[in-house]
Amino acid sequence: MLILVTNDDGIDAPGIRALAHAVRSRGEVMVVAPEGNRSASGHAITLTQRISVAARPVEPGVRGFAVGGTPVDAVKLALEQLLPGPPDLVLSGVNHGSNLGRDVFYSGTVSAAMEAAFMGAPAVAVSLAERGGAHMEEAAAFVAWWLDHAYRPLPRGVFYNLNLPPLGAGPPPALRITRLGQRHYLNEFQRQPPSGGRDWYTMAGLADETGEEADTDVAAVAAGFVSVTPLSIDLTARGTEETLAPLDQLPVPAGAFRMASPTPDTLSRTE
Ligand code: MN
């Protein structure tokens, strides 16, 4: 079994080291992750500069590479260049902090798993709803248990987003299979003192978890459950067919605009 472990907190973060340690006996494990903290980099890729790769020991018997790029860069490099073959599993995490609701659109942790799903690999993003690294060994041990007892293969293009509640001395949590909630942030910007002739802001904000329904990831973690959400790379909205079907193949009037030449350059990146 070939396992790629990645994250967005950087290759030296306690969460990724704990995760690599917890799964190292399952086969060949390789760690490929950003060299520093790239949280909230979403699905960004690096197009305008070279991307460095440096061997970085992470765990005895586990090869590691620090990538001078984003989490998605790291996954792409791993799958195209660094791994000896297609991975049987891609694990992203354990992230320092939860990735719930709309977080998934900003999260490098989730985007790394999503990129693996783009490339056809089974993938799991794992986040712990704590900021410090105090319980990362327990979180990683949970992932190992989950892989043995509660992991089911999903269709191509569908991947897991796991969120663990804050850990402590209480009884073990139960699993909840959830859907994505709506959590977002209020009052995101805080104005800072002007300096250097510029105004300054920091982005912070308070998570708004009001009105979440009980079957969402947000509600599950708030109630102390482990949230297991299947996410799909297909963002197409269902349920719009009736509204939009009459517009399918609607001709555009002559003169509205002209088509480009019939040889679009489909292989080059758009910026
Ligand atoms: Mn992070």
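Within strand β11, T202 is the bridge partner of Q190. Five bridges join strand β10 (residues 189–195) to strand β11 (residues 198–203), and the two run antiparallel. Helices (H or I, at least four residues) and strands (E, at least two) are DSSP runs, numbered from the N terminus. Two strands pair if DSSP finds at least two bridges between them. The hairpin of β10 and β11 has two residues between the strands, and G196 there takes a positive phi near 60 degrees.

The model is predicted: local features need pLDDT of at least 70, side-chain atom pairs count only at pLDDT 80 or more, and totals for chains, interfaces and linings use all residues. Residues are numbered from 1 along each chain as its sequence is written, and side-chain values use heavy atoms, with hydrogens and water left out.

An open sheet is formed by nine strands. Their order is β3-β4-β2-β1-β5-β6-β7-β13-β8, and the pairing is mixed. The edge strands are β3 (53–55) and β8, each of which pairs on one side only. From one strand to the next, the twist averages 20 degrees. Strands of a sheet pair through backbone hydrogen bonds, either parallel or antiparallel.

Strand β6 (residues 123–128) runs parallel to β7, and five bridges join them. Here L128 stands opposite L164 of β7. Strand β7 (residues 158–164) runs antiparallel to β13, with six bridges. F159 has L231 of β13 as its bridge partner. On β13 there is also a parallel pairing with strand β8 (residues 175–177), over three bridges. In that pairing, L175 stands opposite V226 of β13. Strand β13 (residues 226–232) is mostly covered, as five of its seven residues are buried. Buried means under 20% relative accessible area, exposed over 50%, and partly exposed in between (1.4 Å probe, protein chains only).

Helix α4 (residues 136–149) lies across β5, β6, β7, β8 and β13, and runs at about 150 degrees to β5. Axes are lines fitted to C-alpha atoms, for helices over the stretch in contact, and angles run from 0 to 180 degrees between N-to-C directions. Contact means heavy atoms within 4.5 Å.

The manganese ion has the protein donors D8 (OD), D9 (OD), S39 (OG) and N95 (OD1), which lie 2.1 to 2.3 Å from it. The pair D8 and N95 links distant parts of the chain, 87 residues apart. D8 is in the loop between β1 (2–6) and α1 (14–23), whereas N95 is in strand β5 (residues 89–96). Both D8 and N95 are buried. Along the chain, the donors follow the spacing D-D-x29-S-x55-N. Donors are N, O and S atoms within 2.8 Å of the metal (3.2 Å for Na, K and Ca); water is not among the atoms, so sites may look incomplete.

Two further residues were examined. I51 is found in the loop between β2 and β3. I51 counts as partly exposed because its relative accessibility is 29%. Not counting residues up to four places away in sequence, I51 touches T46, V67, G68, G69, D73 and L77. I51 and G68 are 17 residues apart in sequence, yet 5.4 Å apart in space, C-alpha to C-alpha. E115 has its place in helix α3 (residues 108–118). E115 has a relative accessible area of 5%, so E115 is buried. Leaving aside neighbours within four places in sequence, E115 is in contact with H43, V72, V75 and K76.
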